[in-house]
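Here are my notes for a colleague who is new to this entry. Please read them with the model open.

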Amino acid sequence: MGEEAPTAVYVDGCPGCAIERKKEANKGIPYKELFFVAVTTVASALPISSLFPFLYYMIEDLHVAKKEQDIGLYAGFLGASYFVGRFLASLFWGVVADRIGRKPIIIFSVLSVVIVNTLFGLSTKYWMAITTRLILGALNGMLAPIKAYSIEICRPEHHALGLSIVSTAWGLGLVVGPSIGGYLARPAQQYPNMISDKSIFGRFPYLLPCLCISVFAAVVLVSCIWLPETLHKHKNIDNEIEMSSDSRAPQTEEIHGDKSLCKNWPLMSSIIAYCVFTLHDTAYSEILSLWTISDRKYGGLSFSSKEVGQLLAVAGAGLIVYQLFIYRPVHKFLGCVNSCRASSALTIPILAAYPFMTHLYGYRLGLALYSAAIVKGALGITALTGTSLLQNYAVPQSQRGAANGIAATAMSFFKAIGPAGAGALFSWAQKRQHAAFFPGDQMVFFILNIVQCIGLVLTFKPFLAVPDHYDLK
């Protein structure tokens, strides 16, 4: 490296260089590009979150659980199938995104939502429901390239905003998805005066919410025409791509593109912490839905699917407000690592309070439950966004798709065992309501807290390493 910063080298016809020129000329926030990031992320998130409000009833209607207490077990497997598919294919999509570009993978992923999610709504057998979810997870490879994309369209000072837009859009999916699932599932039962049992939505009670999501994804698919590519497509001779793409960015200084990703400990340690937080977040979402909808005699709250959808929607709305107005100041003040530590520590007492909410009714229950769900969602997304930022800071652009692919693969594995493990744990806990040690739902939230404590420990040295150039705060 010379004493002066290298001069940017731009190649005509290269989409990545075109983006770099645009960033050089416009030092503001790229609102148009971030809008495309948001809508495509929402389209990807909706099929996942819309399932939770009606998952319990879907298992009942598919007649696979012999006992009511076993519903959680089968619900866990169905919830996990999507993430098994994503686990199998995420690394592939990340590598392909580094080869052919981010845009083609994003477009293909949205197209898979349009087709396969509709087929899931037509499921009449348990095996069909699991198969379509598995295929949807395998074909929806947008998670890795969209994170890389959100970094690459922004100047360095806006990187946190770029990744937080992905999380905010995911939160919007948490608002709209459960609302769609809760209000539109089983429409013949919920709205008998409008929809007949003999209509297509009466014969396929879960098609309507899936179809609405697929229609939205189809609209987003058309908007992808205006999605600009960010990947550099020219020979990287004498590291000219790195100079032109991110010569000023903190995450590319002193990082060498030929370094093996598996030997990049700052990357791998942040992925490990990210996976533990992901496991916790997914298991929490599964358990929250099952716990609120199960009967009070089993330690639940006896909520309807509509009430569960409303709870998740309000929590998602609070998450959006947090991401848009609060997260950036928090990140600026604490940094990635310290914000992860603080959010992890604050989550523990909130989770410990959940089992005692079964003694509340009316507005007291609503106030406690909704407040806890909103705060828990904000704390969870703080930890996930912080570790995700560290992953992208640990690699250059030429490896960013593959790095996010590794993270998505590992994260999908934990997301797969999260619902399955949570469902099995919930079913087991319901059968021990009178145990002496953490009876019933107390054991469920106790184990969730153990996982959260592990995540907290992983944010400290020697478990977590950060790039030498990154300011730890």
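1. Salt bridges. This is a predicted model, and the count of salt bridges in it comes to six. Several of them are taken up in the points below.

2. Start with Lys23 and Glu20, whose side chains form a salt bridge at 3.2 Å, N to O. Both residues belong to helix α1, which covers residues 15–25. They sit three residues apart, about one turn of the helix. An α-helix has 3.6 residues a turn, so residues three or four places apart point the same way. Are the two partners buried or exposed? Lys23 is buried, and Glu20 is buried too.

3. A pair across the sequence. Arg186 and Asp61 also meet in a salt bridge, at 3.8 Å from N to O. Arg186 is in the loop between α8 (159–184) and α9 (187–190), while Asp61 is in helix α3, so this pair ties together parts 125 residues apart in sequence. Arg186 counts as partly exposed because its relative accessibility is 21%. Asp61 is partly exposed as well, with a relative accessible area of 32%.

4. The side chains of Asp98 and Arg102 form a salt bridge at 2.7 Å, N to O. Both Asp98 and Arg102 are buried.

5. Helix α6. This helix has 14 residues, 126–139. At 1.5 Å a residue it should span 20 Å, and its end C-alpha atoms are 20 Å apart, so the two values agree. The buried residues of α6 are Tyr126, Ala129, Thr132, Arg133, Leu136 and Gly137. Why do these residues lie on the same side of α6? They cover an arc of only 140 degrees around the axis, which puts them there. The buried residues pack against four helices: α2 (31–49), α3 (52–62), α4 (71–100) and α5 (102–121).

6. Cysteines. How many disulfides does a search of the whole structure find? The search finds zero. Cys154 is in no disulfide, and the nearest cysteine sulfur, that of Cys336, is 14 Å away. Cys154 is buried, with a relative accessible area of 0%. Cys210 is in no disulfide either; its nearest cysteine sulfur belongs to Cys212, 9.3 Å away. Cys210 counts as buried because its relative accessibility is 2%.

7. Ser214. Look for Ser214 in helix α11, residues 207–223. Ser214 is buried, with a relative accessible area of 4%. What does Ser214 touch, not counting residues up to four places away in sequence? Its contacts are Val113, Val114, Asn117 and Thr118. Val116 is 98 residues away from Ser214 in sequence, yet the two are 8.7 Å apart in space, C-alpha to C-alpha.

8. Ser339. Ser339 counts as buried, since its relative accessibility is 1%. Leaving aside neighbours within four places in sequence, Ser339 is in contact with Val330, Leu334 and Thr382.

Terms used:
Residues are numbered from 1 along each chain as its sequence is written. This is a predicted model: local features need pLDDT of at least 70, side-chain atom pairs count only at pLDDT 80 or more; totals for chains, interfaces and linings use all residues. Side-chain values use heavy atoms; hydrogens and water are left out. Helices (H or I, at least four residues) and strands (E, at least two) are DSSP runs, numbered from the N terminus. The expected span of a helix is 1.5 Å times one less than its number of residues. Buried means under 20% relative accessible area, exposed over 50%, partly exposed in between (1.4 Å probe, protein chains only). The arc is that of the directions from the helix axis to the C-beta atoms. Contact means heavy atoms within 4.5 Å. A salt bridge is a side-chain nitrogen of Lys or Arg within 4 Å of a carboxyl oxygen of Asp or Glu. A disulfide is a pair of cysteine sulfur atoms within 2.5 Å.
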